[in-house]
Each structure stands twice: as structure tokens, then as C-alpha cells.
Amino acid sequence: MPETLLSSRNLAFELYEVLDAQALTQRPRFAEHSRETFDAALATARTIAEKYFAPHNRKGDEHEPRYVDGRAELIAEVKPAVDAFLQAGFLNANRDFEVGGMQLPSLVSQACFAHFQAANAGTTAYPFLTMGAANLIESFGTEQHKRLFLQPMIDGRYFGTMALTEPHAGSSLADIRTRAEPAADGSYRIKGNKIFISGGDHELSENIVHMVLAKLPDAPAGVKGISLFIVPKYLVNQDGSLGPRNDVALAGLFHKMGWRGTTSTALNFGDNGECVGYLIGQPHQGLACMFQMMNEARIGVGMGAVMLGYAGYLYSLEYARQRPQGRLPDNKDPHSPAVPIIAHSDVKRMLLAQKAYVEGAFDLGLYAARLFDDTHTAPSEEGRRQAQELLDLLTPIVKSWPSEFCLKANELAIQILGGHGYTREYPVEQYYRDNRLNPIHEGTHGIQSLDLLGRKLAQNGGAGLKQLIRLIAATGERASHHPRLDALRVPLEQLVNRLQAVTLALLGDLARGKISAALANSALYLKAFGHCVIGWRWLEQAIHAEIGLLNGHQADRDFYLGKLQAARYFLTWEVPGCHNDLALLEARDDTCLGMHEGWF
């Protein structure tokens, strides 16, 4: 039976050949685990995803949530799926054994979650949002916050959201207008409006805990004046029992192009002046707190984009193998049987591009999860610090690159199916529509490019960038011991060398105050930097494929050769194309910056 969510062989390759998941079991936190326990968790995830999540993916798309009497109404299949996820322990996959968690490495839990993201993006969003909100309360909440809100979330009785966006502000959080007035009992009264709040209303849990950004009366202007508040849908009594409904109202639902299974809500806080909120963290430090959840969400968005691209790739691959149509160009016999379309060169091109995009991005997402493990469990403080610096640098790429190029993979999947791909009878059009959200939420490409070029590169004296360059050089050195990889290694080295020069020049402009000019073409920089990172990850995969072939795993020969061919495609077809982008950056081209509104 063809695999529809992700390739189990590729997953094993990533976990046990490229990223060495088993080495994590040597660390005290994961010492009770083994490859067997990792594989058992992965098998459970695949089973639940296939049994409970995938079957209603199309139904959730065709029957999106409805606004009924001031509440959001979902199809019936969502709750059993979410309950199965909770009962299997995946909500607390990373938490300690002592609190009922699975204490899995993030690398393995992210691999488990990938199955759910591929099976049903809409339903998966509800527990994923809860995990992020719970982690936020765990990091910054008081003991009372943890008792009243975190523990019920860990138990799966309360769900969570993040409420940032406002109708007038969009991505500009500095301009939010939601206010928080201190009350005599130490709580606050929240008043404002938020939009595009995923999971903002539903009946899947006893309560919903909103993490809301708002400004105190004495708040300074801009992002330095934002505070963070816990605002529950239902108030919670001191004994943990539910109290009355809080003054949080569902104003309506947004009707989206894709991702229709997740409620996207407009919420009104304090229409009656009685919306109770609780400050979490320090006053005016809310954005710093929220960035923890946002960075987690950005990595999650990147992996979500990967898995939608992956699902489309696997479907179009199987379709191409089964669909007979046409004959090869050198066959002039009209009576000869039609060949499967996978035999046609242009279909191979589209499949190879998909494979290069989704398997390259899949590797990067899991690598980021491995770095997250290192930030907490690496043996030395220096190792933990270096992992954090590298993860900070790569986060804009982990979010944005898959959101762009795994969406392109979905587009190619539609093309391979032809007219069928454009119809709702086949899943590839839904994968495309669902994936089209990922370049938008949790920070657009433009925002990620400003974050990378304007902030992350120079952070800590450029420590993350220097570390990345050393790692890429080390990979190139190891690749040089495999002569067949020279044709792959050289284009990457050429890109790295030119990218370094462009980076130093742009950082110099920023240091001299030429900010608008230096950042004007940051999206081009993001793409070139992302291709450099993915090229590096493909060269790593190619090295391990060579090792696999040398070790004589005959049964895996086709798998390893496929890896090498995908690496060859990316490094010889895609990477050289970045030099035009770098030329524009070198010239400080002002075509876009110099455009006047009136000229449009």
C-alpha cells in the first residue's frame, strides 16, 4: 500500500543516519528511551493520524466551522481525533515523565507530529496551539497561573490560543489598541478586538485560555509598551472549578481559502467592561514573552508547510506511476501501449523538484528540532549556547523557505495531475489551498527577511552566522572524500563565498545607518540564504547516501540513488540561480525602493 503521509524509509534515514537520534539516548534526560521506544511512538502517531485525522480531512474542508448562536460549531469527527491525540500522550510528548509526559526528544516528537500535519492540518491546529500556550505559561506564569491554567491544559481539559492581530494593525504589533486597566484585586480588565485568532472558539475543551497582547495605561509607545495577559473564556475559581463566562465574545468567523477545519475567529474582549485578564511576565515585556510561542509556532508552521508539500508529492508520485498517457518522443508507433506519465522527462522534472523541496525542507525542520534538544540537553553550557545561537539564526529560514518552496511543490503536484489536479475530487488542490496560508501567518516572507538581515545575522556579534559557515565548510570537507559529490559541493561553496561577501557589505551598510537601502531587497537575501542552507542540508544527505551505498545495503540502493539525484538537482539546478539575486543585492538595486506610489 502506498504511503500517503510521509515516507517511513526517509524518516528512518533522517532520524538514524543523518541526525543520529539514538545518540540522544546517551543524555540523562532521554536515557530511558531507545530506538525501540522512538519507533513505537512514531508507529502510534502514524496509526492515529491515518485512523482519526486523515479520514475527515476532506470533510472538514467541505464543511467548515459555522457560527451558530454566538459559538463555533465543528464537524463531529474533530473531537474524537483530538481526543485520540490526547489519550496517546502527544500533547505532552516533550514533558517530564513525572507530570505524565513522554519525555521524548523534540527531534522525535516533531517527527511524530509530522504525521498529523500531513493527515489533517485543520484538526491538528487545535492541540498544537494549546501546546504553545501551555509552554508560555510554564515559562513565565506564576505558581497560581500554573495551578489554575497550565495543569488543566496539560491534562487536555483546557485548550489555548495566541491573540495578537488586530483589525487595523495586522503584523504591526506596535500599533495594537487593546487596553488592560488594573483592577483592585490585582487582575486587569481587558478591552479590545482581535482577528484571525486560530482556535479562538470551539467546544472541544472545557475552557479556552487566550494569550492576549495588550497595553497598560502607562505603556510607552511602540513594541516596548506591550504586555501579555491570560484571558480565559470561562473564569476559573480558586479551587480550580469553572466560574461564569468571561466577557469574551465570538464576533464571527473568517471564511478562508484553505485550512478550513480550524476556526479563524474575530474576538471582542470587554464589550461589557468585565473581561478579566491576568498579567503574565513583567509589565511591558509581553512581546519578549510572546516571541517564545511565536518562534515555536514559526518552526511548527515551517514543518506544517513541509508536510502539506510532502503529502502532495507522494500523491502525485503514485498518480504518475499509475496514469498511462502518451508515448516517449522516440516511439513513432501509435498502436503501442501508452506509458505511465512518470516515464516522461518533464514529469520526472516536476517530481524531482518536489522531492528536492520537500525532503530538503523536511531535513531542515528535523535539524531545527535536534538543535532545540541541544539547547536544553547538550552536555556543556557552551554546546547549549551555540545550539541556541544557530537555532535563532535559522528560525526565519525554517519558517519561510518551506512556506514558499513546499507550496511550489503543491503547485507541481497539481500540474502532474493535469485537469484532475484542479478538481476537488483529488486531494492535491486542497493541499495547495491549505499550504497557501503558511507564507502569511506567523510572519510573512517580508517580515522573516527583515528579521534575518536586520536582526539575526548580527546577533551576538554574528556568532550564529560564523557557526553556520564553519558547519557548511566541515560538510564540504567531508564531501570532498567522495569524488562523486564534487559536482554538488562546488556550487554550494561558490554560493557560500559570494553570500558571505554580500552579507558583510549589507551589514556594513546597516552599521553606517543606510537602513532602508540595505533592507530594501531583503526578500532576495532571504531566498539566497535559504537556498544556501537547504543546499548544505542536501549535501549532508548526499554524504549519508554515499555511506549507505558503500555499506552495501542492496535493498536500499534505489533509495540512496534517489537521494543523490535529488541532491544533484537542487545543487546544480536550483543553487546557481541565486547568483542573479546576489548580483542585485551587490548593486544595491533600487528598482523596488525607488518606485513611486503614483507610478502604479
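The following legends describe close-up views of a predicted model.

The model is predicted, so local features need pLDDT of at least 70 and side-chain atom pairs count only at pLDDT 80 or more, while totals for chains, interfaces and linings use all residues. Residues are numbered from 1 along each chain as its sequence is written, and side-chain values use heavy atoms, leaving out hydrogens and water.

View 1. Strand 6 spans residues 207-214, and eight of its eight residues are buried (buried: under 20% relative accessible area; exposed: over 50%; partly exposed: in between; 1.4 Å probe, protein chains only). Strands are DSSP runs of E with at least two residues, helices are runs of H or I with at least four, and both are numbered from the N terminus. In a regular strand the side chains alternate between the two faces of the sheet. On one side of strand 6 lie N207, V209, M211 and L213, and on the other I208, H210, V212 and A214; all are buried.

**View 2. The strands paired with strand 6.** Strand 3 (residues 158-163) pairs with strand 6 in the parallel sense over six bridges, where pairing requires that DSSP finds at least two bridges between two strands. Here F159 stands opposite I208. Strand 7 (residues 227-232) runs antiparallel to strand 6 and is joined to it by six bridges; in this pair, L213 stands opposite L228.

**View 3. The surroundings of A12.** Residue A12 belongs to helix 1 (residues 8-18). A12 counts as buried because its relative accessible area is 19%. Leaving aside residues up to four places away in sequence, A12 touches E17 and R35, contact meaning heavy atoms within 4.5 Å. The C-alpha atoms of A12 and D39 are separated by 9.1 Å, and these residues are 27 residues apart along the chain.
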